[in-house]
Each structure stands twice: as C-alpha cells, then as structure tokens.
Amino acid sequence: MADTGFLPKENLPALLEALSKKFAVFAPVLDGEVVLFKRFAPGATLCLTRPANLPPKGIIFPQSETLFNFNFKKDPEDPKKTSLELKENLDFVPTIIFGSRPCDAQGFRIYDRVYLETDTADPYYKGRREKTTIITLACNAPSPGCFCTSVGRGPAESDGSDLMMTELGKGYFFEPMTEKGKEIFKDSLFEDGSAYKEQAQKAHERVSALVKKPFAILEGTPEKLLSLFENSQFWEGETAKCISCGACTYLCPTCYCFNITDEQVGNSGERIRSWDACMFFHFTLEASSHNPRQNKHQRLKNRVGHKFSYYPKKYQGVIACCGCGRCIRYCPMSVDISEIVAHAQGA
Ligand code: SF4
Ligand code: SF4
C-alpha cells in the first residue's frame with residue numbers, strides 16, 4: 001500500500017457511503033445559508049468550499065449531554081436510609097469527522113491537554129475522542145478573518161488530524177497522519193497518490209502565503225498581556241463595542257467552558273453538562289451575589305488572556321487560539337481578537 005492516496009472527486013460519495021456503514025460520519029453540509037456538521041446521509045449537500053460556520057467541536061464535546069442518570073431510593077422500613085443508583089452514559093460509537101479544517105482539528109488538541117492529558121481524564125471526552133477519526137481538508141483559500149499563520153499554525157497544519165486531504169483539480173490527495181488515519185486509507189477506492197505529493201506541497205505553500213498576518217506571535221506576548229492586566233483603560237477601549245452576546249465563545253473551536261445542572265423529578269434525574277461562556281455576566285456570578293468579572297471588559301480580558309497568556313503559560317507556550325477567524329467573521333459588533341492582540345503588543 002502506498003504512503004499517500006488520490007481519490008477522484010466522483011468517488012467521494014462512494015467513500016462516504018462506505019464509511020457510513022462502519023462509522024457515524026459527520027460532514028459539513030449546507031443548511032440554508034449556513035454550513036454545519038451533520039450526520040452524513042446519501043444525497044446530503046456536502047459543502048467543502050468554505051469552513052463550517054460552527055466547528056465540529058460538539059461531536060466530541062457536545063453542546064449539552066447527560067453525564068449520568070441518578071435515582072434515590074428510600075428504605076420503606078426506615079426512611080432515614082437512602083441508597084443511590086447511578087447509570088453513566090459512556091457508550092460511544094465509532095465516529096468520523098470528515099472535512100474538518102486544520103484549525104478545527106487543532107482545537108481538539110487544545111482540549112486534549114485539559115481533558116485528557118491530566119491525572120483525572122474526563123471519561124466522556126476521552127471516550128468520544130478515542131473513538132473518533134478526524135479527516136481534515138487543507139484550506140485552498142483563506143476565509144475573511146483567518147489568521148492561523150500568526151499563531152504559529154497554517155492552512156495545511158496536520159496536528160490533531162488523523163488523515164489529511166488536499167483538493168487538487170479533479171480529486172483529493174490523502175496523507176495519513178496516525179494509525180487511525182491509515183485504517184481509513186485502506187479503502188480500495190484510493191489510487192496511489194505519490195505523483196501528487198509535490199503538487200499538494202506547493203498548494204499548501206501558496207495558500208499559506210495568502211493568509212493575513214495581523215501580528216506575529218512574538219516572544220513575550222503572554223507576559224505583555226499579563227502586564228496589561230490592571231490596565232482597565234486599555235481593556236475598556238478594546239471592549240467598547242461588545243454586547244456580551246457570547247457568540248464568539250460558542251463558535252470557537254478552542255473554547256471549552258461548561259456548566260453542570262441537575263434536573264430532577266421526584267427521586268430520579270439526570271446530571272447535564274452544557275457549554276457555557278466566559279463572556280456572560282452570570283458565568284462568574286457567585287452565590288453571595290459578588291461577581292469578580294461584572295464588567296464586560298473584565299470578561300473580554302479573561303477570554304483574550306486565557307488564549308494568549310494563561311494557557312500558553314501552563315502548556316509549554318501553546319497559544320489556545322488557532323486563528324480560525326470565526327469570532328471575527330460572526331461577531332455582530334465586529335470585535336476583532338487579532339486586532340486586540342496586535343494592540344496589546346504595541347501598548
Ligand atoms: S461575539 Fe462580539 S459582541 Fe458577542 S460577546 Fe463576542 S466580542 Fe462581544
Ligand atoms: S479565538 Fe476566534 S480566531 Fe481564535 S480559535 Fe477562537 S474563534 Fe477562532
């Protein structure tokens with residue numbers, strides 16, 4: 001078997017249909033005017049020409065999930081005696097994320113350090129992550145707002161992906177990155193791709209040169225942001241337009257905050273984990289009614305600081321923003337995180 005493969009475009013539906021027999025396959029499809037990752041079904045309108053509006057993060061880290069069901073039981077003879085039954089929801093199915101973009105796949109690497117690479121791995125994230133294969137499409141043009149090269153990444157970066165694909169004229173060039181990627185690659189629909197490797201490399205370089213560079217990650221950026229921590233004037237200026245809608249965090253492939261709620265009727269209920277957002281006033285509201293981040297500039301400072309200062313300080317300099325540009329493209333007030341970092345560097 002060759003190290004790389006080539007799939008003629010007309011074979012793509014057949015590949016997805018073959019994969020769907022063994023995996024739950026999620027692919028970017030057109031839904032009205034937006035592109036969303038949905039369970040692939042024959043006849044779906046695939047959209048590989050622009051990044052999905054919402055990254056595929058919810059496939060591994062769902063927007064809302066029941067972690068476990070619980071049931072209290074009272075001893076009918078002695079009401080002071082109770083017992084508790086728990087049923088964890090840890091059944092995960094083999095899954096493929098097809099057509100993620102490099103920035104989205106790298107988003108999972110940001111999560112891995114927090115949810116997997118610790119002494120207490122999150123069993124829900126771990127279960128889905130281990131059963132998921134990520135097939136990533138290298139970008140063939142930057143979208144408005146993209147700035148991946150400024151954060152040390154790129155439109156063909158393979159970190160976080162199991163199998164990389166690059167569109168080349170009449171087909172796609174495939175290169176496996178992991179054992180999971182190699183398994184997919186065994187499908188007989190692939191032709192030998194060795195003749196296309198150089199062409200793919202040139203395509204990656206061409207697109208990389210087109211990505212805008214609002215700033216370069218300079219040595220000392222985390223420290224520079226920390227030095228501005230008490231500078232309310234700077235943060236108020238950067239936040240003036242923000243309406244605290246939280247869209248930037250919900251659309252971000254590297255935001256992973258959540259809230260936990262219990263929903264109970266009688267003696268039974270479920271514990272639910274749902275995405276939350278540090279841009280919301282209630283996120284840090286304490287039971288005493290004190291709120292350490294009651295002003296929106298404190299919340300935006302936290303969001304930018306987390307991605308460009310606190311996370312890299314904790315995880316060997318890794319910036320927790322992959323430069324996908326979604327928060328810029330879809331912010332209703334045109335707040336631009338890349339400009340904020342550039343302003344901070346110059347402040
Ligand atoms: S999307 Fe824009 S307006 Fe909404 S919270 Fe984020 S920065 Fe503020
Ligand atoms: S902060 Fe913005 S540009 Fe960076 S990964 Fe999140 S959505 Fe993308």
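Predicted model: local features only at pLDDT ≥ 70, side-chain atom pairs only at ≥ 80, totals over all residues.
**The four-strand sheet**

An open sheet is built from 4 strands in the order β5-β4-β12-β11, with antiparallel pairing. Because β5 (78–88) and β11 (258–265) stand at the edges with a single partner strand each, one side of each has no neighbour in the sheet. On average, neighbouring strands of this sheet are turned by 25° against each other, direction ignored.

Within this sheet, strand β4 (residues 64–75) pairs with strand β12 (residues 268–275) in the antiparallel sense over 7 bridges. Gly269 in β12 is the bridge partner of Phe70, and Gln264 also stands opposite Gly269. Strands β11 and β12 run antiparallel and are joined by 8 bridges. These two strands form a hairpin with 2 residues between them, and Gly266 in the turn has a positive phi of about 60°. Helix α4 (residues 123–130) lies across β4, β5 and β12.

**The eight-strand sheet**

A further open sheet contains 8 strands in the order β3-β2-β6-β7-β8-β9-β1-β10, and its pairing is mixed. Its edges are formed by β3 (34–39) and β10 (191–192); each has a single partner strand, so one side of each is left without a neighbour in the sheet. Strand β6 (residues 95–100) and strand β7 (residues 132–137) run parallel and are joined by 5 bridges. In this pair, Ile96 stands opposite Thr133 of β7. Helix α3 (residues 102–115) packs on the sheet and touches β6 and β7. Helix α6 (residues 197–210) also packs on the sheet, where it touches β8 (163–168) and β9 (171–176).

| Helix | Strands contacted | Angle to a strand |
|---|---|---|
| α3 (residues 102–115) | β6 and β7 | about 145° to β7 |
| α6 (residues 197–210) | β8 and β9 | about 85° to β8 |

**The ligands**

Ligand 1 sits in the largest cavity. The residues surrounding ligand 1 include Cys242, Cys245, Cys248 and Cys331, together with Ile243, Met279, Pro332, Met333 and Val335. Ser244, Gly246 and Ala247 are also among the residues around ligand 1. By class, this shell divides into 10 nonpolar residues, 2 polar residues and no charged ones.

Ligand 2 has 13 residues around it, of which Cys252, Cys321, Cys324, Gly325 and Cys327 come nearest. The shell around ligand 2 comprises 8 nonpolar, 3 polar and 2 charged residues.

Terms used
Residues numbered from 1 in each chain as written. Chains lettered and ligands numbered in written order. Heavy atoms only, no water. Near = heavy atom within 4 Å. 1 Å grid on protein atoms, 1.4 Å probe; cavity = no way out; pocket = protein on both sides within 12 Å on 5 of 7 lines; lining within 4 Å. Sits in = over half its atoms within 2 Å of the grid points. Nonpolar A, V, L, I, M, F, W, Y, C, P; charged D, E, K, R; others polar. Pairing = 2+ DSSP bridges. Axes fitted to C-alpha atoms, helices over the stretch in contact; angles between N-to-C directions. Contact = heavy atoms within 4.5 Å.
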